[in-house]
Amino acid sequence: MAAQAPQPPAYRVALVAFPGIRAFDVSVITEVWGTDRTDRGAPSFDLRRVAVDSTPVPMRGGLALHPDRTLTWLSRADLIVVPGLDDHLTPAPTPVLDALRRAHARGTTLAALCGGAFTLAQANLLDGRRAITHWNLIDLLRTHHPRVNVVPDALFIEDDNIWTAAGTAAGIDLCLHLVRRAHGAEAAATIARSMVTAPFRTGTQAQFIEHPTPRADRDADTLAAVREHALRHLHEPLTVADLAAYAGMSPRSFARHFTAATGTTPLRWLLDQRIATAQKLLERTDLPMPEIARRAGFGSEVTMRQHFASRLATSPRAYRAAFSTSASATGAPDTASVTGGSSPIAR
């Protein structure tokens, strides 16, 4: 019997805790990295609750978080995540700010959910860098931390290995994106399925989507059908004009309604789905690059490579080398079913 390949070490994630952090964000971090899903093919994670000392950290609603490591453990972490704050001007303990600065200097990835951006700003880690927070806190962040380049409208962004996210659901989006970035699209999709949440929203999608009007409600069904159609025909050279014609709208009207309903443009959405499909094929199959490019609708390997470089800062071959669960190791997948990106959920 052949010896089994050694399992990679668990990916170490630190949840930074101090009085004032939001229980919701703590729950999101714990759900993504603190639940064992290795039986479903997800990576192994080692999530630690890190604080100045072992004293329970109070949270709103009578809850308390019990740290299991002190700040010295941050030197071992692969990723450090800072939850948002109930009071967004809550001062973080000086040892926490010092530890975050040292971690960034070491090259450790830092991420902040929602108002956690204020904590990173207190540490001066966002000075001169792009950052985002909840849309309702943007002016507050600009006022109290004028050296931060606050981006007005995004779900999450990165600058110099520091990630920040908008409010509530965008924190889930960022956490899943960080899983995707470190472990591949399939790992993120496995966790998303377990959480019953959408596996793929890009950081450039708008935070705020217009409230539906009666006309927009009618359009929503049409647009959902268009997205469903697009996902079934990604291998074809679809254009925005093609999708508009399928919806029975002019291209300009279609683009306006699509952006209002989803927070992103039709062209960007279509490209996101093509990239997501290519990622799945690279991870799950041994198909040659030209065939993957064809099935994902890029037309050519050169075009696919260009989009991977601009959107993922890597090449398709490097992505496959990093994240492939090749058929020779796991059994041949049903490649015919690997044709779409995220489900066409109306947002």
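## Helix α12

Helix α12 covers residues 301–312, and its 12 residues reach 15 Å from the first C-alpha to the last, close to the 16 Å expected at 1.5 Å a residue. The model described here is a predicted one.

Which residues of α12 are buried? They are Glu-301, Met-304 and Phe-308. Viewed down the axis of α12, the buried residues fall within an arc of 60°, so they line one face of the helix. Gln-306 and Ser-310, on the other side of α12, are exposed. The cover over the buried residues includes α10 (266–284), α11 (289–296) and α13 (316–323). Just after α12, Ala-313 takes a positive phi of about 55°.

## Nonpolar cores

In soluble globular proteins, nonpolar side chains tend to be buried together. The largest nonpolar core in this model has 76 residues. Trp-33, Ile-80, Leu-100 and Leu-120 are the members that touch the most others in this core. Helix α5 (residues 169–183) supplies the largest share of the core, with 7 residues.

The surroundings of Ile-80 can be listed in detail. Not counting residues up to four places away in sequence, Ile-80 touches Ala-14, Val-16, Leu-74, Leu-100, Ala-103, Thr-108, Thr-109, Leu-110 and Ala-111. Among these contacts, Leu-100 is itself one of the residues that touch the most other members of the largest core.

## A buried threonine in a loop

Thr-90 is located in the loop between β6 (79–82) and α2 (94–106). Is Thr-90 buried or exposed? Its relative accessible area is 13%, and because buried means under 20%, Thr-90 counts as buried. Beyond its neighbours within four places in sequence, Thr-90 is in contact with Phe-18, Pro-19, Leu-85 and Gln-122.

## Salt bridges within helices

Side chains of opposite charge can pair when their charged atoms come close. The count for this model comes to 20 salt bridges.

One of them lies in helix α2, where Arg-101 pairs with Asp-98. The closest N and O atoms of Arg-101 and Asp-98 are 2.6 Å apart. These two residues are 3 residues apart in α2, so about one helical turn separates them. Arg-101 is partly exposed, with a relative accessible area of 30%, and Asp-98 is likewise partly exposed at 30%.

In helix α7 (residues 214–232), Glu-228 and Arg-232 are 4 residues apart, about one turn of the helix. Their side chains meet in a salt bridge with an N to O distance of 3.6 Å. Glu-228 is partly exposed, with a relative accessible area of 33%, and Arg-232 is partly exposed at 47%.

## A salt-bridge network

Which residues are linked with Arg-48 in a network of salt bridges? The network links Arg-48 with Asp-46, Arg-49 and Asp-68. Arg-48 has a relative accessibility of 22% and counts as partly exposed.

Key:
Residues numbered from 1 in each chain as written. Predicted model: local features only at pLDDT ≥ 70, side-chain atom pairs only at ≥ 80, totals over all residues. Heavy atoms only, no water. Core = buried A, V, L, I, M, F, W, Y, C linked by side-chain atoms within 4.5 Å. Buried < 20%, exposed > 50% of the residue type's maximum accessible area, 1.4 Å probe, protein only. Contact = heavy atoms within 4.5 Å. Expected span 1.5 Å × (residues − 1). Arc of directions from axis to C-beta. Salt bridge = Lys/Arg side-chain N within 4 Å of Asp/Glu carboxyl O.
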